[in-house]
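Let's take a walk through a protein together. Have a look at the sequence and the picture first, and then we will go through them step by step.

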Amino acid sequence: MPVTTFSHRKSNKRQASSDIEEDGPSYSRAAAQADDDEHEPQPRRQTNGVKKEKKLARKQEPTRDEDDDGAEDDDDDDERIDVDNFRDQPLRRADVNKLQGVSRDWNNFDLQVRPNWNVVGDVAVALAEAGEGSDVQEGLAELEQIMRDLIDISAEMQAHEKVLEELAQKVGQGEEVDDAVERYDGGVEKRKEEYAKKTTRQKYAKSEEYVAFKNAIWEAQHPDKPMPPITDLIEKEDGDDSDDDDDLEMGGVSQHYNCPITLTLLVNPVTSQVCKHSFSRDAIMQSFRGRDPSIKCPAAGCTKRFTRSDLQPNKELEKRVKAYERRQRRAAEENDAEEIVD
Ligand SMILES: [Zn+2]
């Protein structure tokens, strides 16, 4: 005797329920992987809820398709289900954690790839130190394009992160979201369009990595003078107004290699994996003394919090600080030599 609507459906629509039963376990496997350790106990799902979420999960993680067993094709052949009118079921509050988890995944991809952008800067510095021939100029232009492409990809990953976070918020506030896939795709598309409309300065001049990249090249080519504001290096375009420039006046070598706490050159730099701000190790470690396990980032304007374990030694940055010191020293020595000659 049928106990729930689920088993009632099962007796009437055998084909449909067998699809759903196949979906069930494969869904839980996918969810367990996606949610990892933060998977919370959730109320028993209704079958069509599972279908909806699986669709969303499949969109983001195409490699899990092998679990699918071609269920979609079966749907199309089954005349007993009115596929056209099988409405997507709204996301529930229980889905908030999952949405937030996927959103965080995008952020993690972004943060994990980003430190490797340094390689582009290293190659550029090696090139710039090699001379000023047309080969060098061409190479630098190519590397500049790679750097910009990386920033564009990062912006796209952030679009995914933000749209999923917004979706999670809406669901958390109790809003009925029964068009999750459309909202997700549409939201990402909209953000991509907005990004595409930005000027070159708006896209790149605020990127810490881009400024560091330009800085490294500048230092190699002009060891004796600090880099001008980044806006001097990116031509003004329609849509750039002077207000934007004010934010970007920071440029300049010394600021980039200074610890926000000691205000002197970084010593044994460590970088927060949360916000990518860097500090002299001793100075930031003292900030933790006698306080919460987490502290607010001391970098100006940063609102993130991090713990000791979020800090990682940054050998790459250390190398650059040392190269900068070396160049400064050399420039000073050359100045002294000139003075003696005079
Ligand atoms: Zn920070």
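Predicted model: local features only at pLDDT ≥ 70, side-chain atom pairs only at ≥ 80, totals over all residues.

The protein chain holds 14 helices and five strands. Of its 342 residues, 38% are buried. If you take the contacts between residues at least 6 apart in sequence, 66% of them join residues at least 24 apart.

Now find the zinc ion. Four residues coordinate it: Cys 275, His 277, Cys 297 and Cys 302, at 2.0 to 2.3 Å. The cysteines use their SG atoms, while the histidine uses ND1. Why is the arrangement called tetrahedral? The four donor atoms subtend angles of 104 to 116 degrees around the zinc ion, and for a tetrahedral site all angles must lie between 85 and 135 degrees.

Next come the charges. Side chains of opposite charge can pair when their charged atoms come close. The count here comes to 15 salt bridges. In one of them, Arg 148 meets Glu 144 at 2.9 Å, N to O. These two residues sit four apart in helix 7, so about one helical turn separates them. Glu 144 counts as buried because its relative accessibility is 14%, and buried means under 20%.

Another salt bridge joins Lys 192 and Glu 156, with their closest N and O atoms 3.4 Å apart. This pair links distant parts of the chain, 36 residues apart: Lys 192 lies in helix 8 and Glu 156 in helix 7. Finally, look for Asp 122, Glu 316, Lys 319 and Arg 320, which are linked in a network of salt bridges.

Technical notes:
Residues numbered from 1 in each chain as written. Heavy atoms only, no water. Buried < 20%, exposed > 50% of the residue type's maximum accessible area, 1.4 Å probe, protein only. Contact = heavy atoms within 4.5 Å. Donors = N, O, S within 2.8 Å, 3.2 Å for Na, K, Ca; no water. Tetrahedral: all angles 85-135°; square planar, octahedral: opposite > 155°, others 65-115°. Salt bridge = Lys/Arg side-chain N within 4 Å of Asp/Glu carboxyl O.
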